[in-house]
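This briefing covers selected local features of one model, grouped by topic. The sequence and structure come first.

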Amino acid sequence: MKEDDPTVLKAEYSPSDGWRLTKIESSPEELTRVDEAEEKFTQQELPACKPILTPGLVITTLISIGIIFVPIGLGSLSASEHVVEIVDRYDDACIPSNGDDEAAKRERLSFIQNAKTNKTCIRNLVVPKKMKHPIHVYYQLDNFYQNHRRYVKSRSDRQYRSPGSEGDTKTCAPESEVDDHRPIVPCGLIAWSLFNDTYGISTKDNPILINKKDIAWPSDKNSKFGSNVYPKNFQKQDPVGGGKLNESLPLSEQEDLLVWMRTAALPNFRKLYGRIETDLEADEKITVVIQNNYNTYSFDSKKQLVLSTTTWIGGKNDFLGKAYISVGGTCLFLAIAFILTYVIKPRPLGDPAYLSWNLNSATR
Amino acid sequence: MMNSMKIPSKRSTLEKKLDKLILALFSVLFCMCLLGAIGSGIFINRKYYYLRFDSSEKQFDPDNRFVVAVLTMFTLITLYSPIIPISLYVSVEMIKFIQSTQFINNDLCMYHAESSTPALARTSNLNEELGQVEYIFSDKTGTLTRNLMEFFKCSIGGEVYGTGVSEIEMGTAQRSGGKIEVQKATNAALEKGFNFDDARLMRGAWRNEPNPDFCKEFFRCLAICHTVLPEGDDSPEKIRYQAASPDEAALVTAAKNFGFFFYKRSPTTIYVRESHVEKMGKVQDVPYEILNVLEFNSTRKRQSVVCCYPDGRLVLYCKGADSVIYERLADGNNDLKRTTREHLEQFGAAGLRTLCLAYRDLSSDSYENWNEKYIQAKSSLRDREKKLDEVAELIEKDLVLIGCTAIEDKLQEGVPACIETLSRAGIKIWVLTGDKLETAINIAYACKLISNNMKQFIISSETDAIREVEDRGDQVELARFMKETVKNELKRCHEEVQQYLCSASGPKLALVIDGKCLMYALDPSLRVMLLNMSLYCSSVVCCRVSPLQKAQVTSLVRKGAQRITLSIGDGANDVSMIQAAHVGVGISGQEGMQAVMASDFAIAQFRFLTDLLLVHGRWSYARICKVVTYFFYKNLTFTLTQFWFTFSTGFSGQRFYDDWFQSLFNVIFTALPVIIIGLFDKDVNAALSKKYPELYKEGIRNTFFKWRVVAAWAFFAIYQSLIFYYFVIASSTSGMNSSGKMFGLWDVSTMAFTCVVVTVNFRLLMMCNTITRWHHISVGGSILAWFIFVFIYSGVVLPKEQENIYFVIYVLMSTLYFYVTLLLVPVAALFCDFVYLGFQRWFFPYDYQIVQEIHRHEPDNSRIGLLEIGNDNLSPDEARSYAIMQLPGQKSKHTGFAFDSPGYESFFASQAGVYVPQKAWDVARRASMRTRPKTPKN
């Protein structure tokens, strides 16, 4: 066979004829490509770019991070500044005794655990700045471990989703069924400990409506909680943990529950209570009527009421802006420091004198 | 059998250190769990009524805090278990396997075309060990040398003949900058044992030289003074010489080529067919009667023959070491002695083995006189040898110097260059050989292991004092005396070494020791001194050592000095040494497979060690270090975020991440890129690795896997985990979008996990020296895999599982917060590493980084180019035979099939020489060779 014959032959072996050559279809270019790629791999010659972290590259990168980050930081910080937030701690004010001793503590507990006592509490707040609607009403609990393992796992998503899985309460211990083995719907500790303080807000003249629709994420409402699952046997036996549910409403409509059941990541957390759809003027006095039902007095906790507006970034959160500015600022600062050291103590790029064996011989 | 040892299973030093790291991680794990467990015991309290702590579940029984702590401990162990990088071992094994099977076995630079032998990695778990070798123990014969003695040069009557250039001379010339034009033809031996070309001597031309008589005596001496037996047909082409040593055969072959053809020996006569003696072109058979043969031994270091010419002339021909011949020369003719001495030194420096030739004309009276004494001595019953030596002294005097011969103990190709490169790389080479002291020293010179400006310490058993004791024949006495001598010698050398070390610029040191002394020096009481001393020497030669001693010396350094050792040898006598070293290398492609079978790597030539160590070893070491440290960092970072979360959950052991995230983190989201870096990362390319052998020292010093390096990674892991946890947590405390809704635990944790995956993958890119397409694909693919996974996972409802993650990613991605955090957190986490890397490179650059900078503008195709320069002799045929070797199917494992039809092997054999492609792949290979722009030219 001649060297420059372009046809590609295939060797075949048959017992009768021995080896013979036949033409094969695939083009030589294709084979060549595969072949060369394989050779590049085995000879470790894959084409590659070799980035070198030169001072120039370091400085450029730092400066560009700085240039991008500082404006973003300033933007989100100013957005956060625009948010008007009223935070009012009411757990200590809405209780008859505030002492630190054991007796006061016992008194607090008997007050909150007694269903008969009047737990209405009135708080007067002043709006510091004009608050545009929608104004979000949150309750904030501190030192409340919604992320405790026992708590987090004590739920049954299947039960909440469909009425057919009503008995699916294995994971809900210890709040899975009532004494006669009828399942609790919704089961589990989370639902059992539902937050049940209520707020009523009014200005000088007239009450303000708190809209409690659309406070849960749509996914919870539409698919995680069934629209045909109704509460059963809920809070029907001791101990009663928290709020009760309207048995005539399906779970998906009980948005308070949905919000509560999206367990928080930290022991200090805020949850959406409702929304006010009117503006509040600066210095306007508002009155909040609180039903202080929820027991946070057993453990050292705080209850706070939060009224807050939002911007494009969400609620008041200086952290993101500050973090952006400090990262960007540090980058710019380091870039300048690098430039200065580069001027003071330059190291020529790729100077063989810096090779360790050359350094050693130079010092000797 | 006495020399065999049990086969050790070898693990690399790096892996052993890795075990320590894993152990450290286990203790960190334990501490973390203990801390969490204690915390949980303290935390548990009935006051958290909504958690309903009661005795129904033991783990949450507030009345028994101890049980709570113990049970939580177990929970936390499973929770923090990702800190132990189990997949590391799998990944490293995979990387090493591909490195050895694909890279080492297929490297064209280590492919020996002549014997068609590629390198072979017989084990895959020592790749990185190759990057840390500090001591090489090499056999001589077959490894450094070809066991081929060639008549190379001579000096006759004060004139040097022979135009050849030895390897060592070439090396010297190259170092001094000059280039020697070497014709291929002069390097190839004309005949086995004869590699000499000088028109002044060949084909009778010596008759026109200034000293034709000297030449004649020279050639006759070569043809007569020996103990060689001719075998086979008595024609110059077909005759074969049986000689005790290959040197002798080479000398007789040389005589044959000069026209003094020794073709027959009878008990008393040597027949020489002499050409051009009387006049040009005349050939005559001359019988020389051999009257006495005074044999060679190591004491005499010379050999003489008394012969009688057909015309009655009585001559004593003598050849031997220059020291003994010069003592016995007749006075006068100092010029000749001086020039010959100069030539001897010149040859010696070129690594050639020299012999002095001399003769003496005898008068028949004096001979008869002497012969009586000789016969008497020969027939004596006591001390015959000694008496014979004494008698020989009487006649071997007043010699006339003819000249000297220089025989090249042919080195393997490229050995001196390779040894020089390796010693520049900080590797110390010890030669362990069964040969004699002189031979060993000679080869050490030839290999540039010893040079004249080195201080040599020679501890030899061949001294007069020892010989005297030996003669007394008392073994116990001998042993005692030897031990004492060796001890004293060692002590003396050791003191001297200390002196040299104290002075600032002392000469380099070399130690030569022979087997008998070594036996005593390896005694436990002297071992330490021997070791200390030899570690200061830049080269050590051990001669006359048994295979077991080779292994003992190897283990001495391996165990005593804790350095990484490599043994290389080709024969069965090297097996124990190969097994004793950290890495055993066998020379393949020659007869005898024992060494290869015992070895971890098999290469065809000693010079391939350069590629094996400096290229593959160094790369493997750097890569494995990167893989290991990266795994350590990755898992530590991941686990620590989990650990920080534990503090905010009342130490309950609540998972921060979903189960699936946690289990797939190592398996899918971060698995592939690290394997890619373990395969493809190259700090500098192969050519530069060899051009700057000093880079190898980074491996010897274990620069990339020191505890300091690990600590730096640990620091950044802690920093990054804090950033991940606290940045994500702190930025999620208020309303997340304009509708004011809040995130739950799983939203936050998915956010954090996304940041971890992205950051960890980008951190990998930051540590790459080269970024290929595969880096992009694997890093991009891993991040993409995470998103694809979470899109699917949060979109479907799994039976039997809680729906924690249901719709989470969609909720997250519907907020601006997600994107803002995703930009912030990885940058904030990596920025510290980035500054550190920039700072380190700028102020404390590694050597490889400087080399990278020096050659930053050069394209990276040096290796292919190198192949063409270095292996110019790879003709298309050879390239093809290599290609065939490499084809699939040829290397397939034995499957037990047996059938009597031409198999591949026999088929190829039968087709030898016929240029017909036998396989489809073969055609393909050739087609590709043709289209490739740079094919080796014919």
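A:Pro186 sits in the loop between helix 5 (157-161) and helix 6 (189-192) of chain A; helices (H or I, at least four residues) and strands (E, at least two) are DSSP runs, numbered from the N terminus. The model is predicted: local features need pLDDT of at least 70, side-chain atom pairs count only at pLDDT 80 or more, and totals for chains, interfaces and linings use all residues. Residues are numbered from 1 along each chain as its sequence is written, chains are lettered from A and ligands numbered from 1 in the order in which they are written, and side-chain values use heavy atoms, with hydrogens and water left out.

**Backbone of chain A**
- Most residues other than glycine have a negative phi, and most peptide bonds are trans.
- The bond joining A:Val185 and A:Pro186 is cis, with omega about -10°.
- A:His181 lies in the loop between helix 5 and helix 6 of chain A and has a positive phi of about 65°, although it is not a glycine.

**Salt bridges**
- Over all chains the count is 68 salt bridges (a side-chain nitrogen of Lys or Arg within 4 Å of a carboxyl oxygen of Asp or Glu).
- One of them pairs A:Lys130 with A:Asp279 at 3.6 Å, N to O.
- A:Lys130 is in the loop between strand 5 (120-126) and strand 6 (135-142) of chain A and A:Asp279 in the loop between strand 10 (269-276) and strand 11 (285-291) of chain A, so the pair ties together parts 149 residues apart in sequence.

**Nonpolar surface patch**
- A:Ile63, A:Ile67, A:Ile336, A:Ile339, A:Leu340, A:Val343 and A:Ile344 make a nonpolar surface patch of about 680 Å².
- Patch residues have over 30% relative accessible area and no salt bridge; like charges are joined within 9 Å, nonpolar side chains (Val, Leu, Ile, Met, Phe, Trp, Tyr) within 5 Å.
- Accessible areas come from the Shrake-Rupley method with a 1.4 Å probe; for residues, only the protein chains shown count as cover.
- Helix 2 (55-82) and helix 9 (318-344) of chain A each supply at least two residues of the patch, and helix 9 of chain A gives the largest share, five residues.
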